[in-house]
Amino acid sequence: MTDTVLREDFDGWTQLTLNRPDKLNSLTVEMFGELRAHVADLAQSTGIGCVVLRGAGKCFSAGHDLGGIAQGEAPPSKGWHSETLRLLEKLPIPVVAAVHGHCYTGALEVALAADFIVASGNARFGDTHAKFALTPVWGMSVRLPRRVGLSTAKRLMFTAQMFDAQEAVRIGLAEYAVADSEFETEIARLAAQIAGQSHFSHAAIKRLLDRADAKPADDALVREWMDGEGRGPDMHERIGAFMKK
């Protein structure tokens, strides 16, 4: 049986690939189960400095498998999909969603659980919950407004409109867009650059940012200096290497 989420390890970074290309990587309970297992493994890994999440074939993902919804799919527990994406979001490793082609609704909820999105020039985004008389349960109502602002999130969710990579960058959904022909090279370059920084700092910074998110500034600033891990075990080595240049 074909794995519906593939893991590939490179020099210091890992790629997870949604792997139902014949179904445009539409998301099923089985896929979420495999994604969750990979996330659990990565949470215990050492030596991994970046995770890239992407889709096989023509697109990132066309979204939640509507056939599965219609047939009454049965996740292991209520909130299980949302919990899985929160585990991905809380990985002590930077996670980049590399989006090409379709990224709609449930797929967008998955991409939003990454630390940021890089879009290929042919990427298309949209939230179609309202089109199908559905409401978000995987995190869209929380993560989308925090990424693009409340009014923009309302516009996108109320209209169910599709938009391209350039618009995704303009509204702050994607960090930047890359020409299709350069996408593979740029993702590998970016992942290697992130993986080359201190893994201690990555984990500590993610915890600080997560604690500070949506908190009053004064409280967040106190938590930063009070709870920050400070200096990592590789600090002297890294400063020493810099000073020798």
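Colleague: Is K206 buried or exposed?
Modeller: Buried means under 20% relative accessible area, exposed over 50%, and partly exposed in between (1.4 Å probe, protein chains only). K206 has 14% relative accessibility, so it counts as buried. This is a predicted model, in which local features need pLDDT of at least 70 and side-chain atom pairs pLDDT 80 or more, while totals for chains, interfaces and linings use all residues. Residues are numbered from 1 along each chain as its sequence is written, and side-chain values use heavy atoms, without hydrogens and water.

Colleague: With which side chain does K206 meet in a salt bridge?
Modeller: Side chains of opposite charge can pair when their charged atoms come close. The criterion for a salt bridge is a side-chain nitrogen of Lys or Arg within 4 Å of a carboxyl oxygen of Asp or Glu. Here K206 meets D115, at 2.9 Å from N to O. D115 lies in the loop between α4 (106-112) and β6 (116-120) and K206 in helix α9, so this pair ties together parts 91 residues apart in sequence. (Helices, H or I of at least four residues, and strands, E of at least two, are DSSP runs numbered from the N terminus.) D115 counts as partly exposed, at 34%.

Colleague: How many salt bridges does the whole structure hold?
Modeller: The search finds twelve. One of them joins R36 to E83, with the closest N and O atoms 2.5 Å apart. Because R36 belongs to helix α1 and E83 to helix α3, they connect parts 47 residues apart in sequence. By contrast, R189 and E186, paired at 2.8 Å, both sit in helix α8, three residues apart, about one turn of the helix. Shared partners also link R86, E89, K90, R143 and D210 into one network of salt bridges.

Colleague: Which residues come closest to the centre of the largest pocket?
Modeller: On a 1 Å grid over the protein atoms alone, a pocket is an open set of points where a 1.4 Å probe fits, with protein on both sides within 12 Å along at least five of seven lines; lining residues have an atom within 4 Å of a point. The largest pocket holds about 840 Å³. Among its 25 lining residues, E89, D115, K206, L209 and D210 are the closest to the centre.

Colleague: Which helix gives the most to that lining?
Modeller: α9 does, with eight residues; α3 (80-89) and α5 (140-148) are also among the helices supplying at least two.

Key
Points joined across faces, edges and corners; volume = space filled by probe spheres on them.
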